[in-house]
Amino acid sequence: MTLTNGTPAAAPENTLSPILEAKRLVKTFGRVVGLDGVSLALYPGEVLAIIGDNGAGKSTLIKCLTGAEIPDEGEIFLDGKPVHFKRPQDARAAGIETVYQNLAVSPALDVAANLYLGREIRKAGILGSVFRVLDTKGMRQSARQGLNDLGISTLQDVTSPVENLSGGQRQAVAVARAAAFGSKVVVLDEPTAALGVRESNQVLQLVRNLRDKGIPVILISHNMPHVFDVADRIHIQRLGKKAATITPQSHSMTDAVAIMTGAATA
């Protein structure tokens, strides 16, 4: 969609209230400015992509939203209420799950154990409360159900060690874990960076499935075709600032790259 003078139209305004919102975030590292007054809004049931060149502030922005960094200035709101995350555990407790590029899965454990890693379920009664025996059967049943709910058909055996899985399957495990416990927001950091075409398509389908389940997703990616394939809106970072927020309908990939590099403005 373009205006009569040929200029791309701006992204349409969302009439819903943001589920996650950042206002005027500032983060500096000595004399280096990581974020310079960046604002962002994530709405229910959408995929918001964040793109930008190296050093644009994408990672710093995500770290501030997920508790890995504390902003020097600005405010973060979850469901309209101000939040102050001092560590990633605070964000996770609030319902924000992050899948980093290195996945953080344990290769020696099976699929079910990885899904419940750090959140293991104990058996009922004295076995669980006193002897701390894990409910392995229950976790495996829940893991199978969770994978089925997400439409993940490539992980039929939840007892298989993760070290035996392909890169795409490992990414699916990490995404499934985030979806299982990310009651508010799921953040995916370069989820297809090290994957082939077939496995990348599987992960992109997982992103769509999360959106269809009503879970909003923040997707950080350098892959423009992937971004334009699944994103509802695209937040563009440049030199620590928000350069624009666009949509795949209002702008082309060429427009996005031009804004990202400073060759054009929104």
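This report walks through a few local features of a predicted model.

## An aromatic pair and a nearby charge

Let's start with the rings. The structure holds 1 aromatic pair, made by Tyr116 and Phe181. Their arrangement is edge-to-face, with 85° between the planes and 5.8 Å from centre to centre. Tyr116 sits in the loop between α3 (111–115) and α4 (126–129), while Phe181 belongs to helix α6 (residues 167–181), so the contact ties together parts that are 65 residues apart in sequence.

How covered are the two partners? Tyr116 has 13% relative accessibility, and it counts as buried because the cut-off is under 20%. Phe181 comes out at 24%, which makes it partly exposed. Phe181 has another neighbour too: Arg119 lies over the face of its ring, 4.2 Å from the ring centre.

Next comes strand β7 (residues 185–189), which is mostly covered, with 5 of its 5 residues buried. In a regular strand, side chains alternate between the two faces of the sheet. Here Val185, Val187 and Asp189 point one way, and Val186 and Leu188 point the other way. Asp189 is buried along with the rest of them.

Which strands does β7 pair with? Strand β6 (residues 96–99) runs parallel to β7 and is joined to it by 4 bridges; Ile96 is the residue that stands opposite Val185. Strand β8 (residues 217–220) also runs parallel to β7, again with 4 bridges. If you want a spot to look at there, Val186 has Val217 in β8 as its bridge partner.

The model has 1 cavity of 30 Å³ or more, and the volume of the largest cavity is about 40 Å³. Which residues line it? They are Pro191, Thr192, Val203, Leu204, Val207, Leu219, Ser221 and His226.

By type, that lining splits into 5 nonpolar and 3 polar residues, with no charged ones. Helix α7 (residues 197–212) supplies the largest share of the lining, 3 residues.

## Buried spots elsewhere

Helix α1 (residues 58–65) has 6 of its 8 residues buried, so the rest of the structure largely encloses it. The buried set is Lys58, Thr60, Leu61, Ile62, Cys64 and Leu65. After α1 comes Gly67, with a positive phi near 90°.

Ile246, found in strand β10 (residues 241–246), is buried as well, with a relative accessible area of 0%.

## Positive phi without glycine

Finally, a couple of backbone angles to check on your screen. Arg132 is not a glycine, yet its phi is positive, at about 55°. Arg132 lies in the loop between α4 and α5 (136–149). Is Arg132 buried or exposed? With 54% relative accessibility, Arg132 counts as exposed.

Leu239 is another non-glycine residue with a positive phi, about 55°. You'll find Leu239 in the loop between β9 (233–238) and β10. Leu239 is exposed, and its relative accessible area is 63%.

Methods:
Residues are numbered from 1 along each chain as its sequence is written. This is a predicted model: local features need pLDDT of at least 70, side-chain atom pairs count only at pLDDT 80 or more; totals for chains, interfaces and linings use all residues. Side-chain values use heavy atoms; hydrogens and water are left out. Rings of Phe, Tyr and Trp (its six-membered ring) pair if their centres lie within 6.5 Å; planes under 30 degrees apart count as stacked, over 60 as edge-to-face and the rest as tilted. Helices (H or I, at least four residues) and strands (E, at least two) are DSSP runs, numbered from the N terminus. Buried means under 20% relative accessible area, exposed over 50%, partly exposed in between (1.4 Å probe, protein chains only). A charge sits over a ring if NZ of Lys or CZ of Arg is within 6 Å of the ring centre and within 35 degrees of the ring normal. On a 1 Å grid over the protein atoms alone, a cavity is a set of points where a 1.4 Å probe fits but cannot get out, and a pocket is an open set with protein on both sides within 12 Å along at least five of seven lines; lining residues have an atom within 4 Å of a point. Grid points are joined across faces, edges and corners, and a volume is the space filled by probe spheres set on the points. Ala, Val, Leu, Ile, Met, Phe, Trp, Tyr, Cys and Pro count as nonpolar, Asp, Glu, Lys and Arg as charged, and the others, Gly among them, as polar. Two strands pair if DSSP finds at least two bridges between them.
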